[in-house]
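Let's take a friendly walk through this structure together. Have the sequence and the 3D view side by side as you read.

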Amino acid sequence: MIDNVAPEISRVASSVGNDTDGMYEIGSLVNITVTEAIGEEGLTGTVTINSDIIGGRVANGELKNAGSGIYYYIWNTNGSVPSADYEVETTLADISSNTD
């Protein structure tokens, strides 16, 4: 059987401890969490953080599997500069290279 169904990202969230308002101090370790809609495990994924004000890509890396269809990336903002336009782009891919 061929897998033609792509994973579906249902939620992307960020936090520093219990703080989830999206406004974090420079030097924070920001946990970016990506949730797959049906809890599919064993996926691979990437995260890219951009800022047009700063001039493009600020950070990027591989998502880690936390289990139950939850994937995460820890963004170390040490050395970053304050910006109001940080944008997070994420992808998830299955073994058949179907992506969301």
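## The largest pocket

Three strands each supply at least two residues of the lining of the largest pocket: E1 (9-15), E2 (29-36) and E7 (87-93). Strand E1 gives the largest share, with three residues. Please keep in mind that this is a predicted model.

The space in this pocket comes to about 450 Å³. Its lining is made up of 21 residues, and those nearest the centre are Gly22, Tyr24, Trp75, Ser83 and Tyr86.

## An aromatic pair

Two of the residues nearest the pocket centre, Trp75 and Tyr86, are worth a look as partners. A search of the whole structure turns up one aromatic pair, and tryptophan 75 and tyrosine 86 form this pair. Their rings sit edge-to-face, at 5.1 Å centre to centre and with 75° between the planes. Tryptophan 75 belongs to strand E6 (residues 70-76), while tyrosine 86 is in the loop between E6 and E7, so the pair ties together parts that are 11 residues apart in sequence.

Are the two partners buried or exposed? Tryptophan 75 has a relative accessible area of 9%, so this residue counts as buried, given that buried means under 20%. Tyrosine 86, at 25%, is partly exposed.

## The largest nonpolar core

Trp75 turns up again in the largest nonpolar core, which has 13 residues. The members that touch the most others are Ile32, Ile49, Leu63, Tyr73, Trp75 and Leu92. Strands E2, E3 (44-51) and E6 each supply at least two residues of this core.

Leaving aside neighbours within four places in sequence, isoleucine 32 is in contact with Val12, Ala13, Ser14, Val47, Ile49, Tyr71, Tyr72, Tyr73, Trp75 and Val88. Among these contacts are Ile49, Tyr73 and Trp75, which are also listed with the core members that touch the most others.

## Threonine 90 in strand E7

Back in strand E7, you will find threonine 90. Why does threonine 90 count as buried? The relative accessibility of threonine 90 is 16%, and the cut-off for buried is under 20%.

Which residues does threonine 90 contact, leaving aside its neighbours within four places in sequence? They are Ile9, Val12, Val34, Thr46, Val47 and Asp100. Val12 and Val47 are also contacts of isoleucine 32.

Note on methods
Residues numbered from 1 in each chain as written. Predicted model: local features only at pLDDT ≥ 70, side-chain atom pairs only at ≥ 80, totals over all residues. Heavy atoms only, no water. 1 Å grid on protein atoms, 1.4 Å probe; cavity = no way out; pocket = protein on both sides within 12 Å on 5 of 7 lines; lining within 4 Å. Points joined across faces, edges and corners; volume = space filled by probe spheres on them. Helix = DSSP H or I, 4+ residues; strand = E, 2+ residues; numbered from the N terminus. Buried < 20%, exposed > 50% of the residue type's maximum accessible area, 1.4 Å probe, protein only. Contact = heavy atoms within 4.5 Å. Phe/Tyr/Trp six-rings, centres within 6.5 Å; stacked < 30°, edge-to-face > 60°. Core = buried A, V, L, I, M, F, W, Y, C linked by side-chain atoms within 4.5 Å.
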